[in-house]
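User: I've got a structure loaded and want to go through a few local details. Can you walk me through them?

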Amino acid sequence: MKPLSGIKVLDLTRIVSGPFATMLLGDLGAEIIKIEEPASGDESRTYGPPFIHGESAYFLSVNRNKKSCAVNLKTPEGIALIRDLALKSDVLIENFRPGTLKKFGLSYEELTKQNPGLIYCAITGFGQTGPDSHRPGYDLIIQGESGVMDITGDPDGPPTKVGTSIADLITGQYASQGVLAALVERSRTGVGRRVEVAMYDCLASLLTFNAGSYFSTGNLPKRKGNSHPSIVPYETFETLDGWINIGVANDKFWNSFCKVIDRLDLQHDPKFAIASDRVKNRLELLPIIREIIKKNKKSYWIELLEKAGIPSGMIKNVGEVCDSEQLVSRGMVLNMPHPTAGIVKNIDSPLRFDDRNDEVHIAPPILGQHTREILRDILKISPAEIMSLEKKGAIKCTDI
């Protein structure tokens with residue numbers, strides 16, 4: 001039994017933020033019923049290349065452990081099916097624009113009249129309220145609007161986005177956390193809760209010490225590339241054959257670091273002896289360190305730094321990470337058989353329970369793969385009725 005076994009989640013989300021949230025819940029054992037538009041399904045099914053035998057690698061990366069039920073919300077029959085499924089669900093998650101589901105009679109207020117235990121999670125770009133509430137949420141736009149791009153990148157270069165869809169992914173994490181908290185509360189009260197998560201709010205919350213600095217001083221944080229605003233040296237350094245990261249995070253590490261680079265004079269120099277002075281005098285200190293590190297290869301420095309207990313590491317590419325012994329040995333690379341794409345690989349959830357990571361995972365579904373099963377088993381709809389609904393264009397069934 002997984003932690004969320006027996007919890008039914010009606011997933012009315014698409015693209016990344018919502019699907020990532022429901023995938024996290026699915027990894028924990030919840031039954032995820034993914035509602036998709038019958039003609040083309042979740043928009044991310046079209047995102048590519050790459051495609052694996054017609055299946056989008058993008059879609060496959062955030063939709064494991066789900067059942068696809070293709071229902072047309074543009075038909076009255078489709079709306080009725082969604083309503084009936086919501087009344088039998090523990091959780092509903094959606095990422096439509098504010099007010100969209102209310103037009104279909106699928107608002108929190110309407111559904112909880114008959115299902116008071118329903119936890120209703122709404123994911124939006126900018127929130128249900130405020131002057132920007134009408135705007136759609138896309139990762140690039142949110143990264144720019146939230147201040148994250150302004151503090152990311154080279155000091156003399158342009159604002160730079162994070163290399164992954166950080167706004168979508170952190171929103172999905174917050175959404176799953178909110179749902180989990182509401183489930184815990186419901187176990188005590190028997191009553192559900194409305195959970196609201198805005199991408200803008202989520203990414204702004206990651207500003208942490210950058211926002212704290214602004215609130216404290218009124219000064220705007222500046223882009224510092226890979227350096228740290230309050231720790232020196234703590235950044236990326238070029239070696240003879242590539243780049244490495246070195247994190248001299250405190251005075252203890254600094255003393256050890258000076259021994260590693262054979263510069264005890266720096267250790268005793270009053271301009272660099274304590275952390276705050278190294279920050280004040282970074283423009284003098286960093287060129288000295290860069291020149292030293294550049295004289296030897298990556299492996300040389302990593303070996304010495306690790307022996308001295310100083311935080312350091314390689315700059316690995318995605319392939320090196322996905323194939324790494326560390327990741328593979330911990331069971332973090334999933335291999336899931338898919339009906340058309342062959343073996344689908346994903347990076348697993350990092351959560352461990354009782355030090356175990358041996359759960360079976362299900363590959364992302366084909367569009368409409370579970371429509372018939374869901375209508376039959378959950379809503380008790382007869383085969384003849386299912387056939388009639390399909391003929392009316394209210395659903396799509398794909399038999400594997």
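User: Leaving aside neighbours within four places in sequence, which residues is Lys 34 in contact with?

Analyst: Keep in mind that this is a predicted model. Lys 34 is found in strand β2, residues 31–36. Setting aside its neighbours within four places in sequence, Lys 34 is in contact with Asp 11, Thr 13, Pro 19, Asp 42, Phe 59, Asn 63, Lys 66, Lys 67, Ser 68 and Cys 69.

User: Is Lys 34 buried or exposed?

Analyst: The cut-off for buried is under 20% relative accessible area. Lys 34 comes in at 0%, so it counts as buried.

User: And which side chain does Lys 34 join through a polar contact of 3.2 Å?

Analyst: Asp 11 and Asp 42 are among the residues in contact with Lys 34. The 3.2 Å polar contact, though, joins the side chain of Lys 34 to that of Asn 63.

User: Over to helix α14: within what arc do its buried residues fall?

Analyst: Helix α14 covers residues 298–307, and its buried residues are Trp 301, Ile 302 and Leu 305. Looking down the axis of α14, they line one face of the helix, because they fall within an arc of 100°.

User: Which element gives the most to the lining of the largest pocket?

Analyst: That pocket holds about 1100 Å³ of space and is lined by 32 residues. Elements giving two or more residues to the lining include α7 (166–189) and β13 (342–347). The top contributor, with five residues, is α1.

Key: Residues numbered from 1 in each chain as written. Predicted model: local features only at pLDDT ≥ 70, side-chain atom pairs only at ≥ 80, totals over all residues. Heavy atoms only, no water. Buried < 20%, exposed > 50% of the residue type's maximum accessible area, 1.4 Å probe, protein only. Helix = DSSP H or I, 4+ residues; strand = E, 2+ residues; numbered from the N terminus. Arc of directions from axis to C-beta. Polar contact = N/O pair within 3.5 Å; in protein donor to acceptor, adjacent residues only side chain to side chain. Contact = heavy atoms within 4.5 Å. 1 Å grid on protein atoms, 1.4 Å probe; cavity = no way out; pocket = protein on both sides within 12 Å on 5 of 7 lines; lining within 4 Å. Points joined across faces, edges and corners; volume = space filled by probe spheres on them.
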